[in-house]
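I opened the model to look up its pockets, its core and a few single residues. The entries below follow the order in which I went through them.

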Amino acid sequence: LRQQRQMCIRDRASVALVVDQDTHEVLFSKNDQAVLPIASLTKLMTGLLVSEAGLDLTEVLAITQDDVDTLKHSSSRLPVGTRLTRGEMLQLALMSSENRAAHALARTHPEGLRRFVAMMNARAVMLGMKDTHYVEPTGLSSENRSSARDLAILVNAAYRDPMVSAMSVTPDHEVNIGSRTLQYNNSNRLVRGLSLIHISEPTRR
C-alpha cells in the first residue's frame, strides 16, 4: 500500500515530502528543496505566532478595509465591519483558510502588521527553515515561498502547538455575524474525509 501511494505521489506531484510524524523518518521525497510559492500554508506560521504570543482569545477584533484582498480580489464571507473574537478569527484562518481573518490577526498583533511579518521570518530562521521567506500573513502573495523540506519543519512545529494543532483539524465551526449564523468547513479534504468516516462509522475507533 505504501508503494502504491508513493507511486501516485511520484506520478502526480512535482514536489513532495512524506515524513513519519513520530520518528521523523523520510518515507518519500521528490524535489523537496525546490523553493515555490506556498499559498495558504502561510497561515500555519501566522497561527503559530498568534498562539505563541499568548494574546487574549476573547478580545473582539473587527474586519476592516485593510483586511480586504486587493492583490487577487478573492472573496470572503466576512464583510467589513464583522466583529469576532481573536479565537474565532484564528479558528477560521487555520480551519477554513479565511484570508481576512488571518490578515486581521496579524494587523491587530501588538507589534503591528509590518513587525508581525518580520517575526514570521525570524521564527522561520529559529526553526531552521532556510528556504523560507514571507511578505504577508495570508498566502495570497506568490512571494511567500518555501520548500517542502522547510514546510515539514513548520508542520511539525504546528503539530506540537496544542491550539494550532486542534484548530487545524477541526472539521467545522459556526460563527454568529449579526443575525446570521455562518457554517464553516475545514478546507483540508483529508480532514473532511476523516470526519465523514467518524460520523458514518462511529463504532470504529
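This is a predicted model: local features need pLDDT of at least 70, side-chain atom pairs count only at pLDDT 80 or more; totals for chains, interfaces and linings use all residues.

Entry 1, the pocket. I looked up the second largest pocket and found 20 residues in its lining; Asp69, His103, Glu136, Thr138 and Leu140 lie nearest the centre. Helix 4 and helix 5 are the elements that give two or more residues to this lining. Helix 4 supplies the largest share, 3 residues. I noted a volume of about 260 Å³. For the record, the search runs on a 1 Å grid over the protein atoms alone: a pocket is an open set of points where a 1.4 Å probe fits, with protein on both sides within 12 Å along at least five of seven lines, and a lining residue has an atom within 4 Å of a point. Points are joined across faces, edges and corners, and the volume is the space filled by probe spheres set on them.

Residues are numbered from 1 along each chain as its sequence is written, and side-chain values use heavy atoms, with hydrogens and water left out. The mean pLDDT (the predictor's confidence in each residue, from 0 to 100) is 88, and 87% of the residues reach 70 or more. I set residues 194-205 aside: pLDDT stays under 50 there, and the model has 2 contacts for them beyond four places in sequence. A contact here means heavy atoms within 4.5 Å.

I count on 8 helices and 8 strands, taken as DSSP runs numbered from the N terminus (helices H or I, at least four residues; strands E, at least two). Of the 205 residues, 40% are buried; the classes by relative accessible area are buried under 20%, exposed over 50% and partly exposed in between, with a 1.4 Å probe and protein chains only. Among contacts with a separation of 6 or more, 58% join residues 24 or more positions apart.

Which residues have the most contacts inside the largest nonpolar core? They are Met45, Leu78, Met89, Tyr134 and Leu154, in a core of 37 residues. Such a core is a set of buried Ala, Val, Leu, Ile, Met, Phe, Trp, Tyr and Cys residues joined through side-chain atoms within 4.5 Å. Elements that each supply at least two residues include helix 2 (42-53), helix 6 (148-160) and strand 7 (172-177). Helix 3 gives the largest share, 6 residues. In soluble globular proteins, nonpolar side chains tend to be buried together. I then listed the partners of Tyr134 beyond four places in sequence; among them are Met45, Val117, Met120 and Leu154.

Met89 is one of the buried residues, as are Arg86 and Gln91. Just after the helix, Ser97 takes a positive phi of about 55 degrees. Ser97 sits in the loop between helix 3 and helix 4.

Are they buried or exposed? Ile63 is buried because its relative accessible area is 2%, whereas His73, at 61%, is exposed. The contacts of Ile63 beyond four places in sequence include Leu78, Gly81, Met89 and Arg107. Ile63 and Gly81 are 18 residues apart in sequence and 5.3 Å apart in space, C-alpha to C-alpha. His73 has a positive phi, near 55 degrees, in a residue other than glycine.

Leu113 lies in helix 5 (residues 113-127). Its relative accessible area is 29%, so Leu113 counts as partly exposed. Beyond four places in sequence, Leu113 is in contact with His103, Ala106, Arg107 and Pro137. Val26 is in strand 2 (residues 26-30) and is partly exposed because its relative accessibility is 47%. Leaving aside neighbours within four places, Val26 is in contact with Leu17, Val18 and Val19.
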